Amino acid sequence: MMNRNHAFSLTRKRLAGLYAGTMGLILAACGFGFYESMAHEHWESLNRKLATVAGTLHDGIEPVLEQPGKVEPIVDHFLPGLVCVNGTQCPEQAPIAERHIAGVVQQENYYIRFVDPNGKILATVGQQPEGVSLQIPAPSWQTLQAGNGTSYRQVSLFLKTRNQSPWGYIQVGESLEAYETHLARVRWTLIIGLPIAMLLVAGASWWLSGVAMRPVYQSYRQIQQFTADAAHELRTPLAAIRSTVEFTLDEPELSESEVRNTLRIIERQNNRLSNLVQDLLLLSRLDLQGNVIRLSLCCLNTLIEDLIEEFSALAIASDLILKADIQTSQTLIVLGNEEQLYRSFANLMTNAMQYTPPGGIVIMQLNQEEENAILSVKDTGIGISLVEQSRIFDRFYRVNSDRSRKTGGAGLGLSIAQAIVQAHHGKIQVQSDIGKGSVFTVRLPLQIS
Ligand code: ADP
């Protein structure tokens, strides 16, 4: 329904687009941030581990080094069965390491090498990278590219003999293959995952914008309906006036009684029009203001007396018994607009009399319940079904349009009564049984002095 209206469909599309765009940017930024921080953390931890292994070996070996270029047996003590001196005694199958540091070296697939200050390799541990040139003096951190395309991260620490002459370097390195594979996997997950997430976000945005706009659309529809109903109600008396005037003008000769009759019809329709316009104005004013203006202290007891007085003649004419039932000894005062409150109760009274067959009773009751005044209009009329009870307060709603057209007004009476009561911070309720009668109860907050 909503999408058939151009303005609403455009707004919905815009809202969904903006929402999806914003969410997309946030998602992409989060994904990128996550990737960067994860890669950084991995890199740091890789470097830390290399530094720890290199540092531990350096600190363990350095104090026992005697002669530059000579690999002391202590090295084999730290890395049992792993060291391969001058490329000659390389162990075929490395035994399971007993020492902690050797275990780490094996597990992580590190390579270690001992190099003299001139760049000559003295001893190695583990699989050495191929095609990697040795740089002398060795920088402490290097990222090297091997001939087969694999990258290596390597740390170099300088070693000195016991009498402080330079001995050479210990270099510990690791292939970056696992690190790069891991990063590539995460990258792919993001590259595939982000568009899927975006599709879901776009779907969710479309749905959410629809949900968000539903109340706006509903009130737009209500206004549309209200305008159509108002126009319809205005059209009927206008059409009646036009046809009466046309008919009269077409007459070649007019008697005085005919003229009077025509004028009476025009007056009646005109009254109907002005009442309708006044009702519409009152409703729109109540809608706009929200609050009541021209407040004064209104005594409900007096208000009821006035109403009974005003409607007594109509009650006699309609053969109805009209009674007031004041159940409190207190004088109940509310702060409000007296004219409006009177109008609200008069509407309830008019309905009660209209929808009660001759011989029935209409009672106006006044009571106090805590800090509220309870005013009810009770009749023994035709009653309202439960389904209709929820709709009778709607603007222009009439239970039975044909019947009400003759008897009732335009279907605005209860809407006006409700709007006034609500503007006075009160509540209006209906209780009714078909064939037995109805009770309209108004609850208004009392003015506590
Ligand atoms: P209307 O101008 O038709 O009276 P209202 O808004 O006052 O419009 O009332 C809406 C509908 O509620 C009426 O058409 C009528 O059918 C029903 N209604 C209102 N009051 C009563 C009542 N006391 N008893 C039975 N029906 C009622």
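The following legends describe close-up views of a predicted model.

View 1. Six strands form an open sheet, arranged as β1-β3-β2-β6-β5-β4 with antiparallel pairing. The edges are formed by β1 (83–85) and β4 (141–145), each of which pairs on one side only. From one strand to the next, the twist averages 25°. Strands of a sheet pair through backbone hydrogen bonds, in either a parallel or an antiparallel arrangement.

**View 2. The pairing of β1 with β3.** Three bridges join β1 to strand β3 (residues 121–125) in the antiparallel sense. Within this pairing, Val-85 has Ala-123 of β3 as its bridge partner. Helix α1 (residues 6–61) packs on the sheet, where it touches β2 (111–115), β4, β5 (151–160) and β6. The direction of α1 makes an angle of about 25° with that of β5.

**View 3. The surroundings of Gln-171.** Gln-171 is located in strand β6 (residues 166–175). Its relative accessibility is 1%, and Gln-171 therefore counts as buried, the limit being under 20%. The side chain of Gln-171 makes a polar contact of 3.5 Å with the side chain of Gln-154. When residues up to four places away in sequence are not counted, the residues touched by Gln-171 are Tyr-111, Ile-112, Arg-113, Val-115, Leu-134, Ala-138, Gln-142, Gln-154, Val-155 and Ser-156.

**View 4. Helix α10 and the elements that cover it.** Helix α10 (residues 413–423) is largely enclosed by the rest of the structure, because eight of its 11 residues are buried. These buried residues are Leu-414, Ser-415, Ile-416, Ala-417, Ala-419, Ile-420, Val-421 and Ala-423. Their cover includes the helices α5 (256–289) and α7 (338–354), together with the strands β12 (427–433) and β13 (437–445). After α10 comes His-425, which has a positive phi near 60°.

View 5. Glu-256 and Arg-260 form a salt bridge in which the closest N and O atoms are 3.0 Å apart. The two residues are four places apart in helix α5 and are therefore separated by about one helical turn. An α-helix has 3.6 residues a turn, so residues three or four places apart point the same way. Glu-256 is exposed, with a relative accessible area of 56%, whereas the value of 47% for Arg-260 makes that residue partly exposed.

View 6. The side chains of Arg-443 and Glu-369 form a salt bridge with an N to O distance of 3.2 Å. Arg-443 belongs to strand β13 and Glu-369 to strand β10 (residues 361–369), so the pair ties together parts that are 74 residues apart in sequence. Arg-443 has a relative accessibility of 28% and counts as partly exposed. Glu-369, at 42%, likewise counts as partly exposed.

**View 7. The salt bridge of Glu-41 and Arg-48.** A salt bridge of 3.5 Å, N to O, links the side chains of Glu-41 and Arg-48. Glu-41 counts as partly exposed at 43% relative accessibility, and Arg-48 is also partly exposed, at 46%. The count of salt bridges in the model comes to eight.

Technical notes: Residues numbered from 1 in each chain as written. Predicted model: local features only at pLDDT ≥ 70, side-chain atom pairs only at ≥ 80, totals over all residues. Heavy atoms only, no water. Buried < 20%, exposed > 50% of the residue type's maximum accessible area, 1.4 Å probe, protein only. Polar contact = N/O pair within 3.5 Å; in protein donor to acceptor, adjacent residues only side chain to side chain. Contact = heavy atoms within 4.5 Å. Pairing = 2+ DSSP bridges. Axes fitted to C-alpha atoms, helices over the stretch in contact; angles between N-to-C directions. Salt bridge = Lys/Arg side-chain N within 4 Å of Asp/Glu carboxyl O.
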